[in-house]
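I'm opening my notebook on a new structure today. I'll jot down what I look up as I go.

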Amino acid sequence: MNRLPISVFIIAKNEVDRIPAAILSVRDWVDEVIVIDSGSEDDTVQVSEALGARVMFRAWTGYGEQKVYGESLCRCDWILNIDADEEISPALRDEIAALFQTGEPAGCIAYRLPVLPLYPFQTSGHPWTVTNFPVRLYRKDKAGFSTSTVHDSVIVREGKTSCLRGMLVHRSYRSLAHHVDKVNFYSSAQAEDLFRKGRNPSGLVLLLTPVFAFFKQFILRREFINGIDGVVVSYMYAFHRFIRLAKTRERFRTERGNRTV
C-alpha cells in the first residue's frame with residue numbers, strides 16, 4: 001500500500017506494553033507517526049523511536065491540550081489520532097485507503113470511527129457493543145481538538161462529517177486493577193471540572209446514578225451479549241459514574257468546611 005497523506009499522532013505515558021500495536025497498525029501506510037510523551041518512566045520513548053515514530057516531550061496539562069499540541073506537530077493536512085491503547089483494524093485501514101484512492105476525500109472533512117472495546121479477559125469484542133463514534137480522521141484546517149483538560153473531543157468547525165464502518169480496536173485496560181486506577185485518576189479530574197461548573201449532585205442523583213448507569217451499559221449498550229464479562233464491564237462503568245459524583249460532592253463539602261474555619 002502506498003503511503004497516504006495522513007499524519008498520525010499518539011499521546012502516551014508509560015505505554016511500552018501497548019504502544020507497539022498502535023504504531024504498527026499505521027506506520028506502513030501513513031506519512032508520519034508522532035508520539036507525544038508526557039514523561040514516561042519505562043521504555044515508551046525508546047520503543048516508539050525504534051518502531052519509526054518521531055517522539056516529542058510535553059509535560060502533561062490535560063487531554064485536550066496534549067492533543068492540540070499533537071496537531072501542531074503534524075505536517076499533513078489530514079490527521080488521524082489514535083491513543084496508545086488503540087489500533088486500526090485491517091478493515092478500517094483498507095477503508096481509509098479507499099477514501100484517498102483518487103486524491104483527498106471528497107465531500108467530507110471529518111470521519112467518525114467506530115470504537116470496539118476489548119477488555120483483557122476477552123479474546124474478541126462484539127460489534128454490538130460499539131456505542132462510541134468519535135471524530136478521529138479530519139482536516140486540521142476545518143476541525144481540531146478542544147482544549148478541555150478532561151474531554152478530548154474534536155470540534156468540526158465547518159464541513160460535513162461521515163462515519164466509517166471499520167473498527168478502531170480499544171484495549172483500554174490492562175486488568176481490572178488498572179481499570180480501577182484509571183477510574184480513580186479520571187474521575188478526580190471530572191469531579192474538579194464539575195466543581196468549577198458549580199454542579200453539586202444531590203443525594204437522589206448519587207442514589208440513582210449507578211442503577212441507571214448499569215442499565216445503560218448492560219442493556220442500552222448491549223453488553224449483555226458478552227455474558228458475565230458484560231456484567232463485570234457494566235458494574236465497572238456504574239462505579240465510574242458514581243465515584244465521580246461522590247468526589248464532586250466531597251469537593252463541595254470540603255470547600256464549605258474551609259470557608260467556615
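Predicted model: local features only at pLDDT ≥ 70, side-chain atom pairs only at ≥ 80, totals over all residues.

**Strands side by side**

Residues are numbered from 1 along each chain as its sequence is written, and side-chain values use heavy atoms, with hydrogens and water left out.

I looked up how strands get their names: helices (H or I, at least four residues) and strands (E, at least two) are DSSP runs, numbered from the N terminus. Two strands pair if DSSP finds at least two bridges between them. β1 and β4 run parallel and are joined by four bridges. On β4 I also found antiparallel pairing with β8, over three bridges. There, Leu80 stands opposite Leu137 in β8.

Which way do the side chains of β4 point? I saw Trp78 and Leu80 going one way and Ile79 and Asn81 the other, all of them buried. My cut-offs: buried means under 20% relative accessible area, exposed over 50%, and partly exposed in between (1.4 Å probe, protein chains only).

Next I moved to Asp83, in the loop between β4 (78–81) and β5 (86–88). Is Asp83 buried or exposed? Asp83 counts as buried because its relative accessibility is 15%. I found its side chain in a polar contact with the side chain of Lys67, at 2.9 Å. A polar contact is a pair of N or O atoms within 3.5 Å; within protein, one must be able to donate a hydrogen and the other to accept it, and residues adjacent in sequence count only if both atoms are side-chain atoms. I then listed contacts (heavy atoms within 4.5 Å). Setting aside neighbours within four places in sequence, Asp83 touches Ile10, Ile11, Ala22, Lys67, Arg136 and Asp152.

**Salt bridges**

I counted salt bridges next and got 21. The rule is a side-chain nitrogen of Lys or Arg within 4 Å of a carboxyl oxygen of Asp or Glu. Arg18 and Glu15 make one at 2.9 Å, N to O, and both residues are buried.

Arg174 and Asp17 make another, with their closest N and O atoms 2.6 Å apart. This pair links distant parts of the chain, 157 residues apart: Arg174 is in the loop between β12 (168–170) and α5 (176–196), Asp17 in the loop between β1 (4–12) and α1 (19–24). Arg174 is partly exposed because its relative accessibility is 33%. Asp17, at 49%, is therefore partly exposed too.

I also checked Arg139 and Asp141, whose salt bridge has its closest N and O atoms 2.9 Å apart. Arg139 has a relative accessible area of 16%, so I wrote it down as buried. Asp141 is at 40%, so I put it down as partly exposed. Which residues do shared partners join into one network? I wrote down Glu15, Asp17, Arg18, Asp85, Arg174 and Lys182.

**One more loop**

Last, I looked at Gly62, in the loop between β3 (54–57) and α3 (63–73). Gly62 counts as buried because its relative accessibility is 2%. From Gly62 to Glu49 I noted 13 residues in sequence and 24 Å in space, C-alpha to C-alpha.
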